[in-house]
Amino acid sequence: MEQRARLVRMHDTDNVAVVATRSGLPAGERVDDGLVLREAVPQGHKVALRRIEAGEAVRRYGVAIGYAVSVIEAGSWVHEALLRMPEARALEHLPVATDLRSAAPLPGQSFLGYRNADGSFGTRNLFAITTTVQCVAGVVAQAAERIRRELLPRFPNVDGVVAIDHAYGCGVAIDAPDAQVPIRILRNLARNPNFGDEVMVVSLGCEKLQPERLLPPGSIALRDERDAQAAGATSGLHVLRLQDPAHGGFSGMLDAIVGAAEPHLRRLDARRRETTPLAGLVVGVQCGGSDALSGVTANPALGHAVDMLVRAGATVLFSEVTEVRDGVALLSSRARDAEVARRLVAELDWYDAYLRRGGADRSANTTPGNKAGGLSNIVEKAMGSIVKSGTLPIDFVLGPGEKLGAGQRGLGFAATPASDFVCGTLQAAAGMNVHVFTTGRGTPYGLAAVPVIKVSTRSELAEQWPDLIDLDAGPIARAERSIAEVGEQIFACIVEVASGKRRTWAERWNLHNALTLFNPAPIT
Ligand code: CA
């Protein structure tokens, strides 16, 4: 990356650069090499570094982000209306495993985590109550509140209570092929490593998604079978059905849930953090509220941290299908082998068909805020988004809501929508135990199940929201810090947060979004 005074150019072949200056640059400003701005250009937006002919490619990150619809003079503001978007790259004849970089291991890194029976590690010690259907959500919310108030003070090592509620479970085409997506998301959410293998299921009774279908016997290892049976477990699962005649009215239901929570809390409370290699970390990365500095500051710095994590033995998940689709050739060349490339293409192909079915295309991804922030289209956004996956080979691919399998380690692509809360929910289902989220426009995003580290792309946002943004990548735009330096800061922050030594702003405010399932199947 080349830093020219107040303009940032990402690649030698680029014919545009991005204005990094906080207040933008005025018309008539001499920027460098005699280039004079023909008009005012806001921060994050692009300037033509030379005359670009009609039909010529406009290049950023070394790739064509669009084609000029008419001549663009040097020093002009290159905005969305001047660009025709390139066609989507076909999903065939892609380069496979042609860009496999190796990096020296980063040994000796560790964090403090909670060991689970299946070998995974929690970064938080949370009690989760999962649900089969939305009908029970109100009762479970009140029960969770009572557990927090009446029981948690007696179990100081338990970090909190998470109610996994959702809009699924009944009134849905539960046998439709795509119904496996929301069902496995729910199943795998309950098995997130931050919930310590403790599963309490609240069911209504008559719903389509029966508890045995949500969590088949054997899918969860109960730690103490006797405790579970005493609390009413059936078929190896601890299930409470609200329609059970044993529960008299609303207060009877609450008493039953609160009473059944105790053995779970007791077991969780007895756990202690232990020093563990970074192999126990599963870091999910995504961005939201992106601007043109996302791909200049925060995402490249996060990419540097991702390379460090993978070198240190951690697992990292990146996602957001619609934001990587236009960079598919970059990803297929980083696929570890032909099978990983095949899985990657299969997921993108499925998503293309899903969008077509809904009458949408990839241009639907960019938001008004993205465009105001200088991102002309999805191609430009994709290039800035992919850099946060670092540079190392892609070791595995997960479908929407799939959980990490044994042996799936290193860098993985977890196919999810780009929508922040849906992506975060699906990464949590995949087994994420720390989340890093970059933002340029700003969002107060958080998750109850997993700590979310928010990284701003520009310092103005960090100053405007000092009690929401955990780390500022803005100094990169002013050439005050390098991408590698901020990457190392992010890495250190991840280890601190994972170890419980630091709480994120979202955690301090108890700020979290609803878990949001991805349901591509019909609702009836
Ligand atoms: Ca997102």
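**Close-up 1. A network of four charged residues.** A salt bridge here means a side-chain nitrogen of Lys or Arg within 4 Å of a carboxyl oxygen of Asp or Glu. In this predicted model, salt bridges link Arg146, Arg149, Glu150 and Asp255 into a network. Count up the salt bridges by that rule and you get 29.

**Close-up 2. Glutamate 80 meets lysine 371.** These two form a salt bridge, and their closest N and O atoms sit 3.3 Å apart. Glutamate 80 is in the loop between β9 (77-78) and β10 (83-84), while lysine 371 belongs to helix α10 (residues 368-372), so the pair ties together parts that are 291 residues apart in sequence. Glutamate 80 counts as partly exposed, at 39% relative accessibility. Lysine 371 is partly exposed too, with a relative accessible area of 30%.

**Close-up 3. Arginine 213 pairs up with aspartate 175.** Here the closest N and O atoms of the salt bridge are 2.8 Å apart. The pair links distant parts of the chain, 38 residues apart: arginine 213 comes from helix α3 (residues 211-214), and aspartate 175 from the loop between β14 (160-164) and α2 (180-190). Aspartate 175 is exposed, with a relative accessible area of 65%, whereas arginine 213, at 35%, is partly exposed.

Close-up 4. Are the two buried or exposed? Both glutamate 320 and lysine 388 are buried.

Key: Residues numbered from 1 in each chain as written. Predicted model: local features only at pLDDT ≥ 70, side-chain atom pairs only at ≥ 80, totals over all residues. Heavy atoms only, no water. Helix = DSSP H or I, 4+ residues; strand = E, 2+ residues; numbered from the N terminus. Buried < 20%, exposed > 50% of the residue type's maximum accessible area, 1.4 Å probe, protein only.
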